[in-house]
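Please look over the model below before reading on. The paragraphs that follow start with its sheet, move to the helices and cores, and end with one loop.

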Amino acid sequence: MPYLSESAYKLGLVFVTGCSLCILLFVYDGPPVLSLFGTLVLQSQGLAADIRGQSWQVGVTQNCSSPAYGRKGFFSVLRDVPWDRISSLDERKRSRLQERFLLDLVPSLVAEPTIPINESCEAPRYERMPHSQLVSLCSSNPAFEPNRTRETPAHIGILNTFGFEADVLEIFLREVYPHVDAVFLAESSFAHRRPLSRKPLIWQHLKIQPRFSIFTEKVINFIVDESEALNEQRSDNIWTSESLQSSIAKKRVLEWNAKTSVFSQHDFIGVNHVDQIPSGLSLHLLRNCVLKRNVNHIESLIWFPWSRIDSVYTHGRGWNARSEAPYAFSGTQFHTFASYQRDGDFGMAPKGAQGYILGGMHASDCPYAPFLLTKRYVTCTECMSIFDTSAGDKRSSIVRLLHSPEELEQMLTAKPERHVSNGRLISVSEALKRKPNFGNIHHVPWFLACNPRRYPGWTGHHDDRVT
């Protein structure tokens with residue numbers, strides 16, 4: 001649906017009460033802009049009305065056989081934005097324009113990869129590991145009791161904050177699903193940037209796709225809604241919304257467990273962002289090794305490739321395991337369920353870990369152009385949105401490449417050259433040469449390793465979904 005001029009609007013409203021169908025229809029001087037066939041449900045979060053006629057937005061969820069919010073490609077969405085008018089709009093209109101933009105990007109953000117899954121690969125079966133090897137691995141970690149394993153494996157749940165990273169979620173679930181009892185996805189109906197603006201919810205679109213339908217049994221989706229977000233809108237802390245999302249999600253995890261009794265005091269709840277992917281092996285050890293008495297918080301130490309699977313960002317912040325895990329980043333924070341209940345709120349930042357498990361990947365900045373545009377240019381908490389009046393340079397960097405889709409995709413997904421030049425981003429082979437113990441944490445999720453053509457951005461190639 002194009003961005004219409006003010007003179008184009010005449011508005012007709014149709015409300016059908018007593019059923020699920022409530023539709024806003026446009027009638028304007030020109031060709032039709034919205035055809036409605038089949039079952040459509042108006043979403044309140046998609047409704048953004050500008051009384052002066054600058055923009056009216058109808059967000060609709062179509063039936064399961066159709067993409068959400070229409071069929072416009074990524075570059076069509078970009079070309080439809082009135083870039084030259086943004087700086088003249090007030091804050092409310094720019095916020096609504098951003099909301100509309102994100103809604104229009106949903107089909108690109110949730111698009112399934114065009115390359116089918118390599119069915120010749122399967123997840124590693126760590127449960128087949130010889131018991132003597134398991135005992136050896138447990139004994140080598142100072143957080144675990146030597147020469148002991150659990151009689152019954154621990155239950156594990158992982159609480160993720162989740163935004164738009166659909167491909168990363170697929171890779172994450174393939175890696176952890178066999179080893180966990182629940183994956184809690186905490187989504188917010190508002191972007192974390194200030195002032196708060198609405199964002200589309202993504203899991204509702206992903207869960208009906210074949211690639212995610214196999215995971216729905218263990219995935220529990222929590223929504224931080226508009227009323228909860230607005231309670232914190234007046235805070236000056238840019239991280240307030242993210243902290244709020246984490247705090248509310250923790251409360252809901254505890255409420256869920258009160259009804260299901262899946263987790264007991266010696267089980268684990270992991271807290272992370274969905275792009276922090278612990279290895280299946282590290283989860284297998286967490287389930288089967290015995291924690292020492294003074295340990296109730298275990299941290300996953302992982303590596304960061306930063307947009308290319310053959311690169312290593314060396315400026316990691318892993319805590320006191322640097323000799324065992326050079327270049328490590330802090331990943332999932334695993335708490336015993338007893339401490340998770342007892343010790344108050346847990347944010348996403350690592351605090352007070354008493355031990356670690358090694359191996360996994362920080363899949364931040366997944367090199368898929370629609371996602372990176374959304375993250376870096378629109379919703380980034382600490383960044384300036386391209387819909388801000390003072391973001392003229394950021395807008396120009398997009399607009400000047402609209403005539404060259406290939407160059408724009410390359411610009412969005414390129415490795416951060418500043419870190420190549422300053423020596424912080426090196427090759428995997430060089431990292432292993434400099435510090436052989438890097439191999440302790442260097443783990444490429446098995447599904448990504450088996451399907452490199454499915455996610456071509458990780459090897460620097462064009463993604464056919466970007467059209």
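Two strands pair if DSSP finds at least two bridges between them. Helices (H or I, at least four residues) and strands (E, at least two) are DSSP runs, numbered from the N terminus. The structure is a predicted model, in which local features need pLDDT of at least 70, side-chain atom pairs count only at pLDDT 80 or more, and totals for chains, interfaces and linings use all residues. Residues are numbered from 1 along each chain as its sequence is written, and side-chain values use heavy atoms, with hydrogens and water left out.

The protein chain has 467 residues, of which 55% count as buried; buried means under 20% relative accessible area, exposed over 50%, and partly exposed in between (1.4 Å probe, protein chains only). The chain holds 16 helices and 18 strands. Confidence is given by pLDDT, the predictor's value for each residue from 0 to 100. Its mean over the protein chain is 81, with 76% of the residues at 70 or more. Over residues 1–69 pLDDT stays under 50, and for this stretch the model has 121 contacts beyond four places in sequence, a contact being heavy atoms within 4.5 Å.

The sheet comes next. Eight strands make up an open sheet with mixed pairing, in the order β10-β9-β8-β11-β16-β14-β17-β12. At the edges stand β10 (219–224) and β12 (276–278); each has a single partner strand, so one side of each is left without a neighbour in the sheet. From one strand to the next the twist averages 30°, where axes are lines fitted to C-alpha atoms, for helices over the stretch in contact, and angles run from 0 to 180 degrees between N-to-C directions.

Strand β11 has partners in both senses: β8 pairs with β11 in the parallel sense over six bridges, while β11 (residues 268–273) and β16 (residues 329–336) pair in the antiparallel sense over four bridges. Asn160 stands opposite Asn272 in β11, and Ile269 has His335 in β16 as its bridge partner. Five of the six residues of β11 are buried, so this strand is largely enclosed by the rest of the structure.

Helix α4 (residues 166–176) lies across β8 (156–161), β9 (182–188), β10, β11 and β12, and runs at about 20° to β12. Helix α9 (residues 280–288) packs on the sheet, where it touches β8, β11, β12, β14 (297–303), β16 and β17 (355–362), and its direction makes about 155° with that of β17. In α4, 11 of its 11 residues are buried, among them Asp167, Glu170 and Arg174.

A nonpolar core is a set of buried Ala, Val, Leu, Ile, Met, Phe, Trp, Tyr and Cys residues joined through side-chain atoms within 4.5 Å. The largest has 92 residues, and Leu78 and Leu169 touch the most other members. A second, separate core of 13 residues includes Leu159, Ala182, Val253 and Tyr340. Leaving aside neighbours within four places in sequence, Leu78 is in contact with Trp83, Phe101, Leu373, Ile398, Leu402 and Leu408.

The last stop is a loop. Ala391 is found between α11 (369–379) and α12 (392–399), and is buried, with a relative accessible area of 1%. Beyond four places in sequence, Ala391 is in contact with Met384, Ser385 and Ile386. Ile86 lies 305 residues away from Ala391 along the chain, and their C-alpha atoms are separated by 9.7 Å.
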